[in-house]
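Work through the exercises below with the sequence and the model at hand. Each task is followed by a stepwise solution.

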Amino acid sequence: MSARPQVELLGLEGLVKRYRVATGFLGTRKRWLTAVDGVSLSVRRGEVLGLVGESGCGKSTLARLALGLEAPSAGRVFFAGQEVSGLDRRGWRRLRRRMQIVFQDPMNSLNPRMTVGAILAEPFLIHGVVGRREVGERVARLLREVGLRPEHARRYPHQFSGGQRQRIGIARALALRPQLVVADEPVSALDVSVQAQVLNLLMELKESFRLTYLFVAHDLAVVRHISDRIAVMYLGRIVEVAPAAVFDRPPMHPYTAALLAAAPVPDPRRSLSVPPVGGEVASPLDPPPGCRFHPRCPEAEDICRLAAPPLKQIGPDHLCACHLR
Ligand code: SF4
């Protein structure tokens with residue numbers, strides 16, 4: 001087994017995920033779609049690692065592979081130094097006490113026929129960690145921890161606002177006191193006015209419970225201010241990983257620069273110096289050869305069309321996959 005660094009809580013090594021998909025006019029042609037293509041990434045204990053990229057770039061698939069919700073086509077997953085990618089369902093179920101997910105749309109992830117009390121009691125009952133008599137107390141405590149009231153336990157999900165429902169989703173994720181929380185676009189379905197409240201809550205809970213977050217988002221502006229490090233993904237591959245402060249100044253990957261230019265940041269110098277990227281993301285069914293970003297890259301050269309750039313170190317703790325950096 002590879003020796004994993006002490007500081008690492010979650011380790012992904014060469015992860016690949018392929019799906020067989022139906023294509024063509026009648027859907028009769030079957031082709032392989034590579035959603036995640038050889039991703040290696042570490043989430044360090046106690047950090048917030050932001051994982052950003054446009055929709056369809058494979059970041060949510062990567063999060064699901066990390067949590068064992070899907071099996072990789074190739075590659076390995078490590079948690080706290082142990083390889084976990086070969087675990088069976090029981091093994092993953094046991095591990096899930098230590099790693100939890102907050103979904104994008106709490107309305108879809110909360111059972112509408114269950115009261116909030118029953119939803120929050122489920123993890124305790126499934127894992128048998130507290131006796132039935134204690135469960136009510138634990139549910140009440142969870143509700144208070146996420147800024148709701150114990151009497152909310154009697155209500156159903158549809159009786160709450162979007163922000164309150166996401167608080168319930170967060171409470172459920174925290175019920176078993178995990179070490180790692182994967183937050184998959186946790187605020188993108190919420191009104192802008194509520195997003196900051198939910199982000200603040202996540203950050204407070206991180207401090208209170210000494211959590212580690214893998215925070216998945218399509219919006220670099222959202223992750224910039226809460227992340228210790230940021231990983232940028234494009235068409236199934238990681239193109240840049242660096243401390244958040246690195247994203248305040250060049251040089252950076254041209255795709256990251258384009259994402260920043262597109263983000264609503266009140267910095268007139270940036271929007272003048274880096275024009276927003278044009279064009280559409282290519283289909284993962286037909287990724288471009290060489291650097292996958294080359295059809296949209298304002299700096300592309302001949303080599304970019306021929307050879308895929310490796311992810312290499314270009315500064316302290318700064319990895320970048322670009323021939324020109
Ligand atoms: Fe652009 Fe070439 Fe760098 Fe890819 S390798 S990001 S195409 S400059």
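**Exercise 1.** State whether Leu235 is buried or exposed, and place Leu235 in the chain.

Solution. Step 1: Leu235 counts as buried because its relative accessibility is 3%; buried means under 20% relative accessible area, exposed over 50%, and partly exposed in between, with a 1.4 Å probe and protein chains only. Step 2: Leu235 lies in the loop between strand 9 (229-234) and strand 10 (237-243). Helices (H or I, at least four residues) and strands (E, at least two) are DSSP runs numbered from the N terminus. Step 3: the phi of Leu235 is near 45°, a positive value in a residue other than glycine.

The model is predicted, so local features need pLDDT of at least 70 and side-chain atom pairs pLDDT 80 or more, while totals for chains, interfaces and linings use all residues. Residues are numbered from 1 along each chain as its sequence is written, and side-chain values use heavy atoms, with hydrogens and water left out.

**Exercise 2.** Find the loop that holds Asp317 and give the phi of Asp317.

Solution. Step 1: the loop runs between strand 11 (312-315) and strand 12 (318-320). Step 2: phi of Asp317 is near 60°, again positive in a residue other than glycine. Step 3: with a relative accessible area of 32%, Asp317 is partly exposed.

**Exercise 3.** Give the strand order of the open sheet of four strands, and say which strands stand at its edges.

Solution. Step 1: the order is 2-1-4-5, with antiparallel pairing; two strands pair if DSSP finds at least two bridges between them. Step 2: strand 2 (29-44) and strand 5 (82-83) stand at the edges, each with a single partner strand, so one side of each has no neighbour in the sheet. Step 3: strand 1 (residues 8-23) is joined to strand 2 by 13 bridges. Gly11 stands opposite Ser42, and Arg20 stands opposite Trp32. Step 4: these two strands form a hairpin with five residues between them, and Gly24 in the turn has a positive phi of about 90°. Step 5: five bridges join strand 1 to strand 4, also antiparallel, and Leu10 has Phe79 as its bridge partner in strand 4.

**Exercise 4.** Locate Ala80 and give its C-alpha distance to Gln6.

Solution. Step 1: Ala80 lies in the loop between strand 4 (74-79) and strand 5. Step 2: Ala80 is partly exposed, at 25% relative accessibility. Step 3: Ala80 and Gln6 are 74 residues apart in sequence, and their C-alpha atoms are 8.1 Å apart in space.

**Exercise 5.** Describe the burial of strand 7 and its parallel neighbours.

Solution. Step 1: in strand 7 (residues 180-184), five of five residues are buried. Step 2: in a regular strand the side chains alternate between the two faces of the sheet. Here Leu180, Val182 and Asp184 point one way, and Val181 and Ala183 the other. Step 3: four bridges join strand 6 (residues 99-102) to strand 7 in parallel, and Gln100 has Val181 as its bridge partner. Step 4: strand 7 is joined to strand 8 (residues 212-217) by five bridges, also in parallel, and Ala183 stands opposite Phe215. Step 5: the chain crosses from strand 7 through helix 7 (residues 192-209) to strand 8 in a right-handed β-α-β crossover; right-handed means that, with the strands pointing away from the viewer, the path from the first strand over the helix to the second runs clockwise.
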